[in-house]
Amino acid sequence: MSSTKSSTNLLLLVGVLLPPKALNGLGPVVEERVVHTPYGPFGPVARRASEGMPSVWVCPYTGLPTRTDPRATLFAANLLRARRVLSWDTGIALNPMLMRGQPLVAGDFIDFTFREPNTFASALVREQQDERKLPVPRFCPQMTAAMQQVLPIAPSATYLGIDDLRRETPAEARMYRQWGADVIGQNLVPEVLLAREAGLCFAGLVTVGTQSADLPNPAPQGELRAGLEMIMDVLPELIRYFDLLPDCTCSES
């Protein structure tokens, strides 16, 4: 009898470039679908499962206005009955102590996106909401602690979410650093806000792809590839860890 779990509680959003067979460690694809939402299609998303391991929904992801609507992503997560969402992004390091290929755990964020709307609620509903009852947006502390346990070399970082396709200027990089940001990315915000609104646990994992425009950027020597492979090696353990976590109420607090 197979011990593969039939329920799938985790959606993994892959915002990094990986070789085609890189995720085989999570098991073969046993199901694939496109999820239709009021905000457009999400997917195709594949469910991977293997003997003795929790199954997981996996989707290549770029949550830009020209691609997947972030609202579709989190709406689809609920339709897929995934209670937890892990987004793995590639980031631009603002902190000079961060090197190419280094893994980071998103601990806090700055929303510098300009997408409208970045909520499920209509403008009229937002005006009527009592702001004191809205949960404070944050990354799931349970999932964050689990990642820091499995990846002790990954420091907690403040993530600056942008939605501009162009690179930052050196002056902008210095400004972002003064704000307290460690890394720039495009796939964790506003997703973390929408997840909170949708009652889902959301966590962010970032691999540094390059340094900011005002920092030296030496020629690559395989650091990024090595950093991605390190994450791929620990993903099965991390998914098992997530599956053992008790029910989380972070979206309600």
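Two exercises on a predicted model follow, each with a worked solution.

The model is predicted, so local features need pLDDT of at least 70 and side-chain atom pairs pLDDT 80 or more, while totals for chains, interfaces and linings use all residues. Residues are numbered from 1 along each chain as its sequence is written, and side-chain values use heavy atoms, without hydrogens and water.

**Exercise 1.** Find where Thr-207 lies, decide whether Thr-207 is buried or exposed, and name the partner of its side chain in a polar contact.

*Solution.* 
1. Thr-207 belongs to strand 9, residues 201–211 (strands are DSSP runs of E, at least two residues, numbered from the N terminus).
2. The relative accessible area of Thr-207 is 1%. Buried means under 20% and exposed over 50%, with partly exposed in between (1.4 Å probe, protein chains only). Thr-207 is therefore buried.
3. The side chain of Trp-88 is the partner, at 3.0 Å (a polar contact is a pair of N or O atoms within 3.5 Å; within protein, one must be able to donate a hydrogen and the other to accept it, and residues adjacent in sequence count only if both atoms are side-chain atoms).

**Exercise 2.** Compare the radius of gyration of the protein chain with that of a compact globule.

*Solution.* 
1. The radius is taken over C-alpha atoms, and the globule rule is 2.2 Å times the number of residues to the power 0.38.
2. For 253 residues, a compact globule would have a radius near 18 Å.
3. The protein chain has 18 Å, which agrees.

Terms used: Helices (H or I, at least four residues) and strands (E, at least two) are DSSP runs, numbered from the N terminus.
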